[in-house]
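Trainee: I would like a close look at one part of this model, and then an account of what surrounds it. Please define the terms along the way.

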Amino acid sequence: MNELKIRSMMKRLRSEDPGKRFEALGTLYECKVEKDLEIRVDLLKEMVRLAAGNFPESVDGWDNPSYYLIDFVCDYPMPEVMEQLLKYFDRLPSDAKVRVLELFLATEDEELFYEMEEKLVAMMKNEEVQLPVDQLTQYPVFLRDVVERTFEKIHSPHYKFTMYEFITAINESDLEWGYRKEDVLPLILSDYKKLREEYFSYDKDYHARFVYTSWKESYFTVRYHMNLLIGLMNYYYSKEAEENLREALGFNDPVIRSKAIHVCIEKNIDVENGLIEELATNLESAEGLYWDLKSSNKEHLYPIKEKKQPLLAKAKLFTYLVYLRDEEGRLMNKFPEEIHVQDTIETENQYKQPVRYYLMSFKESGTDYVAWVGGYSLEDGDDTAHVWEGTYTDFVELDSKSLDGHKQDFFSRREEMSQKYHEEVHYESAPKLPKGLWFFYAILISHWVRVLLNGVDDEVYISIGFTGLGLLLTAYEMWKIKRSKISIVGQELIVNRGKDTKAIRIQDIKKVKYNKKQIEIFNKENSLHLQVPLKWVNYDHFSYVLREQTQHLRERPFIEE
């Protein structure tokens, strides 16, 4: 996509005609999904300036040029772009600011974290924004400083439960057990008392079908906030907190009861074994209870001692179905009346690790459908709960094929997805024309200007000779460039030098370092596996993409910033 088309798109984004803005946003989306789009840094900086400016009044939810421009620019985390984002940050709308914060968090750069603290504190004090809570809670030291400077926001209806999540992260990290207890405990008890009254308007009529097909978001919020405050009672304990925990053991909601059980166990409050077993076999609470106990090294208290994996697989499918959403993000109101294990398949994941998938059936609105749950990592044991997420259903009816036919469909789909995954290009860069060649061009152009101004004479053949030499050098350099590149394709980092191709699986990378000339990539044995000229890449962009592609690994490589 050429620069003229991008500039035309930017101009149309400021049009008074909503139709033209819609078309321009469509073009921007095409740019975003285009593979290997090369765009000048100066143009990216212009996009930031444009995003920080004024646009015609929005006519609908899609009509948000500032956010979409910033979302596009954030895919190019180069130093000049980051500097521009900082410069214009305060002029951006709230959702665009949050997108920039997400980018800065992903860099894990200390200087940017300092800048972020100032920006985040200012935002919370002056605006009501939806913060990236999941990302922020990964940095409890950073969060504690932010909470200290914005603690008064715990009284704000908008930020109250966001602050509770931040405080939970601070406590769970063991950074400070019972952080600001004298301030936090009374607030937890007061807010829990109010929330408890709201919960009781549901409790007497509680039924799982009502929760996921009728009550939905209104109830999910109450449940989530109840669990958040109950979880905090583990760190902010008192006699009143104990009374609340004991009472919660008798609630009808199994998800809230399982959270209360976990905290009771942590605080050495007696819990009947029958109640633990009831919640361990309930599809709403089975997984949550297991992982809560696991997180506090109390896994031995989970009452299902053998063959817990099939039970947890049923619970995982139940959760997947009741929270399933359509393309518009709306709940699909799927409630499984029955769930059964039909068979299992043992295979390998993309990292060649042994995994197990469950072929399941579920009855919904009187029809039995097929679903797949897994894959469970068999490296962690035959009855492990650890899973590489891959649960799905295409709503194929169970009776439409034999079990072997459904298995064949599974492998066909898996092969298709695997091929697509391994062919996907996540990053690609090649060496540029040498600076010396550009210098040669400058001299050649100025020489030809003088020749044309002074008149053509016999020495023109020398000029033609130098021009021919320049063309030959250019062709040679272009030939080398075409045969040389570094790329991340699927799960491999590949370096091409002419006919020589070397690669390393990204899960086999131990560390990545660089100096003024080379990028050095070491394998798990800490041996130098690959070297790439630094000038082949924009290192900030390369390292950013590599972090994204390795963040799901259990052993993430060290990538020098």
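Trainee: Which residues does Asn 244 touch, not counting residues up to four places away in sequence?

Mentor: Asn 244 touches Leu 189, Tyr 192 and Met 233, where contact means heavy atoms within 4.5 Å. Before going on, note that this is a predicted model, in which local features need pLDDT of at least 70 and side-chain atom pairs count only at pLDDT 80 or more, while totals for chains, interfaces and linings use all residues. Residues are numbered from 1 along each chain as its sequence is written, and side-chain values use heavy atoms, with hydrogens and water left out.

Asn 244 sits in helix H14, residues 239-248. Helices (H or I, at least four residues) and strands (E, at least two) are DSSP runs, numbered from the N terminus. With a relative accessible area of 11%, Asn 244 is buried. Buried means under 20% relative accessible area, exposed means over 50%, and partly exposed lies in between, with a 1.4 Å probe and protein chains only.

Now the whole chain. Buried residues make up 48% of its 561 residues, and its secondary structure comes to 22 helices and 11 strands. Along the principal axes, the C-alpha atoms fill a box of roughly 105 × 60 × 50 Å. Of the contacts between residues at least 6 apart in sequence, 60% join residues at least 24 apart. The accessible surface is about 29500 Å², and carbon and sulfur atoms account for 49% of that surface; such areas come from the Shrake-Rupley method with a 1.4 Å probe, and for residues only the protein chains shown count as cover.

Next, the nonpolar interior. A nonpolar core is a set of buried Ala, Val, Leu, Ile, Met, Phe, Trp, Tyr and Cys residues joined through side-chain atoms within 4.5 Å. The largest core has 134 residues, and Met 47, Phe 72, Leu 85 and Tyr 302 touch the most other members. The element that gives the most to this core is helix H11 (residues 181-203), with nine residues. Apart from it lies another core, of 21 residues, which includes Ile 488 and Trp 536.

Leaving aside neighbours within four places in sequence, its contacts are Val 48, Ile 70, Val 73, Cys 74, Val 100, Leu 103 and Phe 104. Leu 85 is one of the buried residues of helix H5 (residues 79-88), along with Val 81, Met 82, Gln 84, Leu 86 and Tyr 88. The cover over these buried residues includes helix H3 (41-51), helix H4 (65-73), helix H6 (94-107) and helix H7 (110-126).

Cysteines come next. A disulfide is a covalent bond between the sulfur atoms of two cysteines. Here the term is applied to a pair of cysteine sulfur atoms within 2.5 Å, and the structure holds zero of them. Cys 31 counts as buried because its relative accessibility is 1%, and Cys 264 counts as buried at 0%.

Finally, a sheet. Three strands form an open sheet in the order S1-S2-S3, with antiparallel pairing; two strands pair if DSSP finds at least two bridges between them. S1 (338-348) and S3 (367-377) are the edge strands, each pairing on one side only. S1 is joined to S2 (residues 354-364) by 10 bridges, and Thr 347 stands opposite Val 355 in S2. S2 and S3 pair over nine bridges, with Lys 363 and Asp 368 as one set of partners. In the hairpin of S2 and S3, two residues lie between the strands, and Ser 365 takes a positive phi near 55°. Nine of the 11 residues of S3 are buried.

In the loop between S3 and H19 is Glu 397, which is partly exposed at 43% relative accessible area. Leaving aside neighbours within four places in sequence, Glu 397 is in contact with Thr 367, Asp 368, Tyr 369, Val 370 and His 406.
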